[in-house]
Amino acid sequence: MTMWSRLTSVVAVAALALLALAPVALARGSNANVAALQVALRALHRYGGGIDGIPGPRTKSAIRTFQRAHRLAADGVAGPRTRSALGRRGRPGLGSRVMTYGDRGWDVAALQFMLSRRGYSTGGVDGGFGAGTLSAVRRFQSAAGITVDGRVGSGTLRALRHHRSSSGVSSSTPTGPIRLLRPVAGAIGDGFGYPGGRRHDGVDFPEPYGTAVGAAGRGTVAFAGWNSGGYGNLIVVQHRLGYQTWYAHLSAFDVHQGSAVAGGTVIGRVGSTGRSTGPHLHFELRHDGIPINPVPYLLSSTSLGKRIFKAEAPTRCMDREDPSTPAGGAIPPRRQNPRTAVLAPC
Ligand SMILES: [Zn+2]
């Protein structure tokens, strides 16, 4: 081997190592790549701890055990050879492809960790891009004001790394392909996500009993009737582009199924029917059946009158997994049927 070719190969190996090692910053606190590593080790029954993205003693010891079993230098660092020994669970690296529904691997586990840390539950961090992950990606994209396509490329990853918080979005600057008027004039109480640690598929407007509720936009009433899953008297308005708005706990209906509505059409009255602790409007925005955060879509004016509102107080989104959504499983159809959809406790 000549000096030059040796040098070239050393450079090549070093570059390769850098490429593979760069995202695995084990020393840098909580890290999506550490979480991906934990997922891989757990799947291989080498790690029994939590997926917390923290390279603590338990994680390092699991790496060493794995490395010894694969006759690698037991340095406790997930370098390229260790990643390679992890097989399909050790690749592809985060950011090396556009992740979509059905994908599996290291990058998907890292993505799930990032989403759930931001308050967008994926229903589990397991390295499989299933329905729960798809829903979380869409909710995040919607909140971040980027294209809601459920695909994770460099744009979504960049937004995940830098976008501060969905709740910080000003209500006067709606994002996304549609705009919604506020169905009632009041401010939002419980927000979307995990206020208080429980899943909440919509936002709550505390309003006096009987307050008129306006349609948030043009559409057709797809459902106006009783829901047995906790929504009580429920109206669902179908808008364009696969969007629906849901209005729950109503005390009265002013429209019926099939009615055409415009933004501001009075559709019903605030009540406390179904599983509700007091008069309020539970308002949901769904895209292709998946509840997403309506706040970034809301204009500052209400559908009834033109009061202008300040941005909501931040919603506290807890970082926890959603036990009701099976990892990688399909969205149960009953969650999409207005007659039987089950209201998450709020
Ligand atoms: Zn609610």
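Me: Two strands count as paired if DSSP finds at least two bridges between them. In this predicted model, which residue in E5 does Gly225 stand opposite?

Reply: Strand E4 covers residues 219-227, and E5 covers residues 232-238. The two strands run antiparallel and are joined by 7 bridges. Within this pairing, the residue in E5 opposite Gly225 is Leu234.

Me: In the hairpin of E4 and E5, which residue takes a positive phi?

Reply: Near the end of the pairing, Asn227 has Gly232 as its bridge partner in E5. The hairpin has 4 residues between its strands. Among the residues of this hairpin, the one with a positive phi, near 115°, is Gly230.

Me: What is the bridge partner of Thr220 in E8?

Reply: Besides E5, strand E4 is joined to strand E8, residues 260-261. This antiparallel pairing has 2 bridges. In E8, the partner of Thr220 is Ala260.

Me: How many bridges join E5 to strand E6?

Reply: E6 consists of residues 243-248 and runs antiparallel to E5. One of the pairs is Ile235 with Tyr247 in E6. The number of bridges that join E5 to E6 is 4.

Me: Which residue in the turn of the E5 and E6 hairpin has a positive phi?

Reply: The hairpin formed by E5 and E6 leaves 4 residues between the strands. In that turn, a positive phi of about 60° belongs to Leu241.

Me: Is E5 largely enclosed or largely open, and how many of its residues are buried?

Reply: A residue counts as buried when 20 or more other C-beta atoms lie within 10 Å of its own. E5 is largely enclosed by the rest of the structure, because its buried residues number 6 of the 7.

Me: How many of the residues of H5 are buried?

Reply: Helix H5 spans residues 106-117 and reaches 17 Å from its first C-alpha to its last, close to the expected 16 Å. What covers its buried residues includes helices H2, H6 and H7. Trp106, Leu111 and Phe113 are among the buried residues. H5 is mostly covered, and its buried residues number 11 of 12.

Me: At what angle do H2 and H5 pack?

Reply: Residues of H2, including Ala32, Val39 and Ala40, meet residues of H5, including Trp106, Phe113 and Met114. H2 passes H5 in a right-handed crossing. The axes lie 8 Å apart, and the packing angle is about 120°.

Me: Why is H2 described as it is relative to H5, and what is the word for it?

Reply: The two helices pack at an angle of about 120°. Angles from 65 to 115 degrees count as roughly perpendicular, and those over 145 as roughly antiparallel. The angle of H2 to H5 therefore makes the helix oblique.

Me: Is Arg58 buried, partly exposed or exposed?

Reply: Arg58 is in helix H3, residues 57-69, and its C-alpha atom is 7.7 Å from that of Tyr47, 11 residues apart along the chain. Between the limits of 12 or fewer and 20 or more neighbours, a residue takes the intermediate class. Because Arg58 has 16 C-beta neighbours inside 10 Å, it is partly exposed.

Me: Is His249 buried or exposed?

Reply: His249 lies in the loop between E6 and E7, and its phi is positive, near 70°. Arg71, in the loop between H3 and H4, also has a positive phi, near 55°, and counts as exposed with 8 C-beta neighbours inside 10 Å. His249 has 28 other C-beta atoms within 10 Å, so it is buried.

Me: Which residue does a cis peptide bond join to Arg91?

Reply: The omega of this bond is about -10°.

Conventions. Residues are numbered from 1 along each chain as its sequence is written. This is a predicted model: local features need pLDDT of at least 70, side-chain atom pairs count only at pLDDT 80 or more; totals for chains, interfaces and linings use all residues. The expected span of a helix is 1.5 Å times one less than its number of residues. Two residues are in contact if their C-beta atoms, placed from the backbone, lie within 7 Å. Axes are lines fitted to C-alpha atoms, for helices over the stretch in contact, and angles run from 0 to 180 degrees between N-to-C directions. Angles under 35 degrees count as roughly parallel, over 145 as roughly antiparallel, 65 to 115 as roughly perpendicular and the rest as oblique. A crossing is left-handed if the near helix is turned anticlockwise from the far one by less than a right angle, and right-handed if clockwise.
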